[in-house]
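Let's explore a protein model together, one question at a time.

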Number of protein chains: 2
Amino acid sequence: MRILLIEDDKVLGMAVRDQIAADGHSLDWVERLDEARAALNGAGFDLVLLDLMLPDGLGVPFLKALRQRGDVTPVIILTALDQLSDRLEGLNAGADDYMVKPFDLEELSARIGSVARRYSGNPNPLVTHGDIEVDLAARRITKGQREVSLTAREWAMFEAFLNRPGQLLSKAQLEDKLYEFGSEVESNTIEAHVSRLRKKLGQNVIKTERGMGYRLGPA
Amino acid sequence: MRILLIEDDKVLGMAVRDQIAADGHSLDWVERLDEARAALNGAGFDLVLLDLMLPDGLGVPFLKALRQRGDVTPVIILTALDQLSDRLEGLNAGADDYMVKPFDLEELSARIGSVARRYSGNPNPLVTHGDIEVDLAARRITKGQREVSLTAREWAMFEAFLNRPGQLLSKAQLEDKLYEFGSEVESNTIEAHVSRLRKKLGQNVIKTERGMGYRLGPA
DNA sequence: ATGGCTTTGTCAGCTTCTTGTCAGGGGCCT
DNA sequence: AGGCCCCTGACAAGAAGCTGACAAAGCCAT
């Protein structure tokens, strides 16, 4: 899980960083709101930890602006303020949770887990192969930056290769993957599909082993 | 905020009471519908938490009667029932939200906050997708400047897409979301609903992946 | 209950896309 | 050279999907 920490207190930040690392998440740490804006504009984070008092502004207006822009990344507020009004203000601004300093790092872990579970619309694990990125769960493929769309048969075939990276697959084996038992294919269907896959994904993705079959080429 | 809890399970009730107290709200707790009626006749509550199975009756007729009388107090249903039909019935009866036991108390807090926000004039966080704005909490959608109203099934389907943006959803998966297990749909129901959604939200919102399913298209 | 309105599952006819097949061409090995 | 295997553009048949229409069921207000 990718987490963005917006916090100017070095001591607290380091503690949070270590805890998050221990939980197996990856952390980006910025100390100012303008850095945070830049970071959020780029790739999608799964969670934001937001301090409310920062050198270049307050967290609540920042969060409001974020939501205004349609960003729904879960946000947990970290703050020394403990007034109820502050708490409501934070949640009203669109925060998902609220932690008062000094807080227990174990508790932070628990809440991160809870938020993560609640918003399980996170990016799925990606399989990468050269410049090709595959999201198996979502059935999405990108080559370079461009989205590639595969048909059902193409996907089935590519999946077969991904499941056995580098391993040789005979045409017979591929046929078994693509078709029900018994449905005889009597021509060069497999070859045709390989050709179509190569056209979409690149010529060197699938390697021909003459007389034997195909294999996923090295990245 | 004044909250009325109608719940006969002592253990759950105490847990909810503590959570609500921790959130700084005030709570009245009754265990029967007739007590609830008495309580609601008096001063105005800001929110009602309603169990569906109570010693002296069911929650849904109670809620219907309440709405019939013109009472618009927000109601969140708490129940062990998880059938889609129950869910639809509850929302149709006039509930604002619905939580299935056993639920996370943190989540209860969040939903209480959300309902409170909805009725306090503060906007909820919006999910935007192209020119479509979705207020998940309030179940409202606008396209361009125009308000779009979805039916129950349409909403269920669109929600499924929003929860997994960009991910491929097979027709079987969508059926699972829209219908209870076992209820066989033997025709192109899903296609028909997709068509209706597209008509309301725009043709490019839901993308067809022939032979595989549908996905929420890029904004 | 009663009548009107909405929702929704189903169907039929039509459109669109996939995909198995083929044919012609090219490369590799003996 | 010859034989074998493989590649790929083209194409047609059929599968999959779309959508307007309709009817049954549900919902609401009277």
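Q: How far does a polar side-chain atom of Thr208(A) lie from a phosphate oxygen of DNA strand D?
A: This is a predicted model, where local features need pLDDT of at least 70, side-chain atom pairs count only at pLDDT 80 or more, and totals for chains, interfaces and linings use all residues. Side-chain values use heavy atoms, without hydrogens and water, residues are numbered from 1 along each chain as its sequence is written, and chains are lettered from A and ligands numbered from 1 in the order in which they are written. A polar contact is a pair of N or O atoms within 3.5 Å; within protein, one must be able to donate a hydrogen and the other to accept it, and residues adjacent in sequence count only if both atoms are side-chain atoms. For Thr208(A) and the phosphate oxygen of DNA strand D, the distance is 2.6 Å.

Q: Which helices give two or more residues to the surface near DNA strand D?
A: Here, near means that a heavy atom of the residue lies within 4 Å. Helices (H or I, at least four residues) and strands (E, at least two) are DSSP runs, numbered from the N terminus. The elements that qualify are helix H8 (189-201) of chain A and helix H8 (189-201) of chain B.

Q: How many charged residues does the surface near DNA strand D have?
A: Ala, Val, Leu, Ile, Met, Phe, Trp, Tyr, Cys and Pro count as nonpolar, Asp, Glu, Lys and Arg as charged, and the others, Gly among them, as polar. In this surface, 4 residues are nonpolar and 10 are polar, while the charged ones number 12.

Q: What share of the atoms of DNA strand D that come within 4 Å of the protein do sugar and phosphate account for?
A: Around DNA strand D there are 26 residues, and Arg198(A) and Lys171(B) are among the closest. Of the DNA atoms within 4 Å of the protein, sugar and phosphate make up 63%.

Q: Why is one side of S2 and of S7 in chain B left without a neighbour in the sheet?
A: Strands pair if DSSP finds at least two bridges between them. In chain B, 5 strands form an open, parallel sheet in the order S2-S1-S3-S6-S7. Strand S2 (26-30) and strand S7 (97-100) stand at its edges, so each has a single partner strand.

Q: Which residue in S2(B) is the bridge partner of Leu5(B)?
A: S1(B) and S2(B) pair in the parallel sense over 5 bridges. Across from Leu5(B), the partner in S2(B) is Trp29(B).
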